[in-house]
Amino acid sequence: MKERKALFFDVDGTLLSEITGQIPESALKAVQKAREKGHLAFINSGRVSCLLDPVRKLIAMDGYLCGCGTYILLGDKELYARKIPHERGLEIKKLLEKYKIEGILEGKGGCHFRRETSRIPRLEQIRSSIQKAGCVSPYPIEEDNYDFDKFCCVSDALSDVRGFIRELTDFEVIDRGNDFWECVPKGHSKATAIKMVLDACGIEPENAYVFGDSTNDLAMFAFAENAVLMGKHDRELEEYATFVTKTVEEDGIAYAMKALGIIE
């Protein structure tokens, strides 16, 4: 066979339709065919591990790169795990309160929210969605008996976002739009996760293919030599794309994999 390839898929808006909440049958079959040919397929997501459980039930993969590179599973073995130091985690909680930011603290064991209902409707919508997935931690933000890997936050007119970001010199702060921010410890990204997996599997970078659609895919698009951009996407990724495919609903994953010769 040709040289083994490693395929890295974002989830929402790439592998998973944000309209139907499902992975198209065409994508399921395309990934299966690629794996049968000896290629490796991975989820590479901003979601932490527990939030990928619903995806694991839908599609078989060779590994999971979680939380923007903060936790990596290769097969069923832990390749890498990094938590925010406990004292820094406590400081972040104080900063959220100081700057009137609503946070979602994310870790392998679940997502932590404040006890009380938020003044920001978007936060409560996120809480409800994560509750349905069974991933809300029983330990609220106000408690200090846990650590977390990364966090997201939501702001409104009462929030001092600039002041908050100035205090996060040890984080990459990704603006996801609509007053929603993803905060990842510096030195970690979807790109660093890919490099670790390629090194562990002995695959050269030119045989890595990434598939994505949004700004938190920017690091892996800048890193990869083969970057597949979904038909519906954030414009920031366009300069890094080597192939633009169709949307999820138009069978964009299968279309790209066939066009690029990964599968027939």
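Residues are numbered from 1 along each chain as its sequence is written, and side-chain values use heavy atoms, with hydrogens and water left out. Because the model is predicted, local features need pLDDT of at least 70 and side-chain atom pairs count only at pLDDT 80 or more, while totals for chains, interfaces and linings use all residues.

**First stop**

Select Asp-12, Glu-18, Arg-47, Arg-122 and Arg-176. Of the 42 residues lining the largest pocket, these lie nearest its centre. A pocket here is an open set of points on a 1 Å grid over the protein atoms alone, where a 1.4 Å probe fits, with protein on both sides within 12 Å along at least five of seven lines; lining residues have an atom within 4 Å of a point. The volume is about 1400 Å³, taken as the space filled by probe spheres set on the points, which are joined across faces, edges and corners.

Next, select α4 (121-132). This helix gives the largest share of the lining, six residues. Other elements with at least two lining residues each include α2 (53-56), β6 (102-107) and β8 (150-154). Helices (H or I, at least four residues) and strands (E, at least two) are DSSP runs, numbered from the N terminus.

Colour the lining by class: 15 nonpolar, 13 polar and 14 charged residues. Ala, Val, Leu, Ile, Met, Phe, Trp, Tyr, Cys and Pro count as nonpolar, Asp, Glu, Lys and Arg as charged, and the others, Gly among them, as polar.

**Second stop**

Move to Glu-172, Ile-174, His-188, Ser-189 and Ala-219, nearest the centre of the second largest pocket among its 14 lining residues. This pocket holds about 220 Å³ of space. β9 supplies the largest share of its lining, three residues, and α6 (190-201) and α7 (218-223) each supply at least two. The classes are six nonpolar, six polar and two charged.
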